[in-house]
Amino acid sequence: MNRARDWVEQARYNLRHAIGSLGLEDYAWACFASQQAAEAALKGLHLARGQVAWGHSIQDLLGGLPGEIEVPEELLEAAKVLDKYYIPTWYPDAHPAGPAARAYTRGEAEEAIRLAEKVLRFVEEVL
């Protein structure tokens with residue numbers, strides 16, 4: 001269980017990084033760090049249940065949870081949004097023009113943080 005808790009603790013740090021990036025107006029990194037927070041939290045939950053989870057998709061990580069864990073529909077919807085922030089937020093050629101850092105808005109960053117907080121709360125409740 002300690003390794004699982006390490007993942008959840010890292011998720012909290014990732015979320016803190018997302019909030020800090022929001023304050024710096026670094027919206028792409030806030031979105032990416034939010035995705036990373038959700039991913040780490042879910043990997044911790046998988047470990048706590050004796051599973052090893054690979055990959056970066058929040059949707060897949062939620063879908064791979066044991067059947068006795070009921071995943072709310074709103075979390076599945078959040079996963080769809082957060083998954084979009086994994087690759088294009090940090091690749092400079094992921095957008096038609098300009099670096100990723102110029103492609104994201106404060107509203108997107110705030111939403112990403114809010115959604116990652118939901119995932120983290122869910123994981124902490126299930127643990």
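The legends below describe close-up views of a predicted model. Residues are numbered from 1 along each chain as its sequence is written, and side-chain values use heavy atoms, with hydrogens and water left out.

**View 1. Helices α1 and α5.** Helix α1 spans residues 2–23 and helix α5 residues 106–126; helices are DSSP runs of H or I with at least four residues, numbered from the N terminus. Their axes come within 10 Å and cross at roughly 160°. Axes are lines fitted to C-alpha atoms, for helices over the stretch in contact, and angles run from 0 to 180 degrees between N-to-C directions. The two helices are therefore roughly antiparallel, a term for angles over 145 degrees. The crossing of α1 and α5 is left-handed, meaning that the near helix is turned anticlockwise from the far one by less than a right angle. From α1, Val8, Ala11, Arg12, Leu15, Ala18, Ile19 and Leu22 take part in the contact (heavy atoms within 4.5 Å). Their partners in α5 include Ile113, Ala116, Glu117 and Leu120. By class, the residues of this contact are eleven nonpolar, no polar and five charged. Ala, Val, Leu, Ile, Met, Phe, Trp, Tyr, Cys and Pro count as nonpolar, Asp, Glu, Lys and Arg as charged, and the others, Gly among them, as polar.

**View 2. Ile19 in α1.** Ile19 lies in helix α1 and is partly exposed, at 42% relative accessibility. Partly exposed lies between buried (under 20% relative accessible area) and exposed (over 50%), with a 1.4 Å probe and protein chains only. Leaving aside neighbours within four places in sequence, Ile19 is in contact with Ile113 and Glu117. The C-alpha atoms of Ile19 and Ala33 are separated by 8.7 Å, and the two residues are 14 apart along the chain.

View 3. The axes of α1 and α2 come within 7 Å and cross at roughly 170°, which makes the pair roughly antiparallel. Their crossing is left-handed. The contact of α1 with α2 has 16 nonpolar, six polar and two charged residues. Glu25 lies in the loop between these helices. Although not a glycine, Glu25 has a positive phi of about 60°. Glu25 is exposed, with a relative accessible area of 58%.

**View 4. Helices α2 and α5.** The axes of α2 and α5 come within 8 Å and cross at roughly 10°. This makes α2 roughly parallel to α5, the term for angles under 35 degrees. Among the contact residues of α2 are Tyr27, Cys31, Ser34 and Leu42, and among those of α5 are Arg106, Glu108, Val119 and Val126. The residues of this contact divide into 17 nonpolar, one polar and two charged.

**View 5. The largest nonpolar core and Phe122.** This core has 39 residues; a nonpolar core is a set of buried Ala, Val, Leu, Ile, Met, Phe, Trp, Tyr and Cys residues joined through side-chain atoms within 4.5 Å. Leu42, Leu62, Leu65, Leu82, Phe122 and Val123 have the most contacts inside it. Helices α1, α2 (27–48), α3 (58–63), α4 (73–83) and α5 each give two or more residues, and α2 gives the most, with eleven. Beyond its neighbours within four places in sequence, Phe122 is in contact with Leu45, Leu62, Leu65, Ile69, Glu70, Val71, Pro72 and Leu75.

Definitions and conventions: Predicted model: local features only at pLDDT ≥ 70, side-chain atom pairs only at ≥ 80, totals over all residues. Parallel < 35°, antiparallel > 145°, perpendicular 65-115°, else oblique.
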